[in-house]
Protein chains: 4
Amino acid sequence: MGPLPAARYAYFGPRGTFTEAALRSLPMHADAELLPYPSVPAALESVRAGDTAAAMVPIENSVEGGVPATLDELATGEPLVVTREVLLPVRFALMARPGMRLEDVRSFGTFPHAEAQCRKWIAENLPHATYQTAASTAAAAEAIAGGTATYDAALSAPIAATTYGLDVLVDGLGDNPHAVTRFVLVSRPVPPPLPTGADRTSIVLFIREDHPGALLEILTELAVRGVNLTRIESRPTGAGLGRYLFSIDCEGHVDEAAVGEALMGLRRVCADTRYLGSYPRAEASPAPASTSSDSVFREAQAWLARVRERGNG
Amino acid sequence: MGPLPAARYAYFGPRGTFTEAALRSLPMHADAELLPYPSVPAALESVRAGDTAAAMVPIENSVEGGVPATLDELATGEPLVVTREVLLPVRFALMARPGMRLEDVRSFGTFPHAEAQCRKWIAENLPHATYQTAASTAAAAEAIAGGTATYDAALSAPIAATTYGLDVLVDGLGDNPHAVTRFVLVSRPVPPPLPTGADRTSIVLFIREDHPGALLEILTELAVRGVNLTRIESRPTGAGLGRYLFSIDCEGHVDEAAVGEALMGLRRVCADTRYLGSYPRAEASPAPASTSSDSVFREAQAWLARVRERGNG
Amino acid sequence: MGPLPAARYAYFGPRGTFTEAALRSLPMHADAELLPYPSVPAALESVRAGDTAAAMVPIENSVEGGVPATLDELATGEPLVVTREVLLPVRFALMARPGMRLEDVRSFGTFPHAEAQCRKWIAENLPHATYQTAASTAAAAEAIAGGTATYDAALSAPIAATTYGLDVLVDGLGDNPHAVTRFVLVSRPVPPPLPTGADRTSIVLFIREDHPGALLEILTELAVRGVNLTRIESRPTGAGLGRYLFSIDCEGHVDEAAVGEALMGLRRVCADTRYLGSYPRAEASPAPASTSSDSVFREAQAWLARVRERGNG
Amino acid sequence: MGPLPAARYAYFGPRGTFTEAALRSLPMHADAELLPYPSVPAALESVRAGDTAAAMVPIENSVEGGVPATLDELATGEPLVVTREVLLPVRFALMARPGMRLEDVRSFGTFPHAEAQCRKWIAENLPHATYQTAASTAAAAEAIAGGTATYDAALSAPIAATTYGLDVLVDGLGDNPHAVTRFVLVSRPVPPPLPTGADRTSIVLFIREDHPGALLEILTELAVRGVNLTRIESRPTGAGLGRYLFSIDCEGHVDEAAVGEALMGLRRVCADTRYLGSYPRAEASPAPASTSSDSVFREAQAWLARVRERGNG
């Protein structure tokens, strides 16, 4: 996975958000152009339309759960695939115009989720500061920078300070030290990158109607091949209560025998199976590579070939 | 399940929403008092605090999916249980001040979800009307009624017309005929109502850490007892990506042998199992009662008792 | 499957038994030579040694169960494969030297199993006849023919009358109308015959030591691919109580995708997997051919190939 | 489990066999009377008829497998239960009339299985001795003692030397050091003995007709409750090929919650479930007691009771 080539890239904006930070965390050509889009569907639609080469969007958050807009958009419409993932810890910065000191902050603006995730720190450190809602964490920073804010400081993604020329008063804020958001870079279908031994594969499974044991069947297809699930989200199909699709991530790569056989099994038992990409896992220290498993599958394939050819393995 | 007794009941407000309509759809004592709360957590907190006897909140929508605030609030904190459920089709009404005619509507206000769900009808019937966002579908109606609206009509729950004294110009709007929202009435723990033969049981399951096969194990516990799953949602526990709890509905009643045995099995294999109530299913025509299944379980229990007592079934 | 070519064929003797009848039921070249062997191991050893082209041996009986000598001999030693199977109803004939009439029979000889399977008929039709044991059903017939018998008639396989020149007094005897024996023709490893759409595949599975869930795992490997089990026998490995191998027949052919994938799965989870052949099922009306299943597997393989090649199924 | 009381006990004879040795290995009242029966069915029939209090019969051998006569007799007819088990290593003794020395043995008699199991020792130690078959290992010893034998020595169970007054020339013979036979003491149905924490439970399961996944279902019922299988034998029901019953042993006691719940599950999914007894395991060092498992089940039962009573576990 080399740097992103010179091209136009979409991200769920506005400028100065965690999603932009996720995109900028990837190595990329100096001439790459990054374009904010007002919504996840808009960003992904720009990819489908060929306006951009790929789009960075959030897919799940360890506190809030899956991002419905991303899950639903990937599950339906023209197929798209994930080619990279980025994990960002949810750490906010309190920022203000140059000259403002922390002890002078009487009010701050931010998006409600950000306020919720820093509530404990604020109670301890800015007990008398009043909170005002903004349309996004970045919008609060922009308002400060533009002089239109009715508050002294913005609680935003660190990148917003650079974007809007603000000073960071405190960094690394966030009451839950485990809070992390996962972002994915999405493009039109491309051949999967080479397996690295520590990959993830994303799929969407549509259940056959009125099939109570369908989810058990799906999980069995994975378990029988030793493929571990790392995320599962049910989403309504829109056809009525109790009608679901499942958005799933598992360990491994589509070119590995275990994942390939599991995908074929899912293809057989599901009403529809949509492949959403195999790509390197972003964890600092992912689980050990499963090459041994692949060799076990290859050995069994060679044995079957001998049995079929000469009646003796 | 008789009518709700005279008491105070909370609902996720404001007045004039589908949630209020869900609560009012239940038979209740003439002196029952219905109180809107500004959020799902606030409504449920009023129950926990003893301020209200029960709260009506939305739990899932056939288009949007589970309601995270409700799922998370029921899964943690002081235990609560569901005692009733209500299903409401998602059918909007276009309403205006008396005198306004449909053909005169040049603009309308509503909550974005409502606009999205009626987009097709609007394109066909009010192609030139402009859309303005409101804080809720009820807020749009209230603004019309109060004369503060900058639009001619409100796209709201039918109940809002009564609440705010408006005329319904068109009723039954909604592009997806399958769209339905499920609401639950939540109280502090009480003994389950008697089984009706067509009940639902809700539970929350906390997975043991680092246990890839946990979900398969959970589903097997249910399947072995013939207990059908009707809803499953994964929610993050907040302890990091890949750490989930599962919010589950299944057919049957905790007092039935199959559900009881399945719950004991889940209790054994999960880190924690939270019971959220057994209550009558609200479908117009639910699946046939599972009394035969209960008799099969009772027969097996009687057989085991004989074997244990005299060595011969 | 054409007729057996001119060659030497072994069968578990002596002459005049059901096993010989099973072998003679197959179409064969006029110059084929049929040789009785005194035991199942001796017959199979003649195949391994190259003395005979194939051997017919009994493998299971619907009343007695599996034939341990055959099961154990196929499971260990130099590999052999089954190429055909024959089902024979267990119907005995009462035979005597020419001139003897049924009403004159005062005594009869046979092998104990045969006596047991005709006991009811004898009680009703020859209530005063005494029974003497012989080393085999054929030995009784041979003794009658040779004049050395101390009894008037032999209860033997119908073929024994032809073999030893006796008259059949009554035919079609056997108290259990469902009694049937399955015989297999065994050769050194050869490529499997072409699938007919109604085949059977035989395998032997050696369990990993101290693995309580091994059998469940084996059955899951088959079930996930929709492969039906038609016979399962546990046999001790000789390494101590609780140490088993499993001798298994399933529907389908090794060249079919479902069976092939299941065999690879078994190869991965078992300590050893021995292929014992794919061959046409002998039932008069076997289950419908599973070609549709094969097409489902082929479709999934083609889909996976597309996904791997271009990132889109 | 105290000593066997004064009563009449049957065993599969003749006198001087391993089965008699198994029965005599149990502590028993001085006035207990031990009676040999000519077959397993005859011994068990004496119990059913009330002629004897219990019968000792072999049930499985680590080299030969299950004993069909015992398995079939326990599976059908009037119910019987196992109350104790005995494990005996298969160790033969070469015995002769007083005065005979090992180096003078020119011939020996025994039952074919015994000859097969000592073949290697004989080849090395009595390479020139000829072998003659006897009706049983005990019959060879009896013939030596009675002076009617045409051979010098008998290869028999050690107990036969005592029974027939012979001298043991060599003891502990048997080529397979793991060879062991398991015997069971069978009585008419009685309440199970108290759990010891290291028990075994025997059952017979009759499969519903034409139900390909039945065995998988059975094993899942056991696995879900954490009940380990220690023996499984398929036996034909006599109703045609492919129609099986399963004779099963598992760890644990019918009075333990895990086994009890598993038995109820089997009762529900099988056409018939026959309980054959819970009794202490005879291994020198059985697996650790499963009391913790029982406490886990009890905890879950108490939790369910609280949920059912007050809506909160």
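In chain A, the domain assignment, which is automatic or taken from a database, gives domain 1 (1-89 + 182-190), domain 2 (92-173) and domain 3 (191-313). The model is predicted: local features need pLDDT of at least 70, side-chain atom pairs count only at pLDDT 80 or more, and totals for chains, interfaces and linings use all residues. Residues are numbered from 1 along each chain as its sequence is written, with chains lettered from A and ligands numbered from 1 in the order in which they are written.

Between domain 2 and domain 3 of chain A, the C-alpha centres lie 44 Å apart.

Next, helix H2 of chain B, residues 40-48. Helices here are DSSP runs of H or I of at least four residues, strands are E runs of at least two, and both are numbered from the N terminus. Val40(B), Ala43(B), Leu44(B), Ser46(B) and Val47(B) are the buried residues of H2(B); buried means 20 or more other C-beta atoms, placed from the backbone, within 10 Å of the residue's own. Viewed down the axis of H2(B), the buried residues fall within an arc of 150 degrees, so they line one face of the helix. That arc is taken from the directions from the helix axis to the C-beta atoms. Their cover includes strands E1 (8-12) and E2 (33-37) of chain B, where contact means C-beta atoms, placed from the backbone, within 7 Å. Just after H2(B), Gly50(B) has a positive phi of about 85 degrees.

Methods
Buried ≥ 20, exposed ≤ 12 C-beta atoms within 10 Å, placed from the backbone. Contact = placed C-beta atoms within 7 Å.
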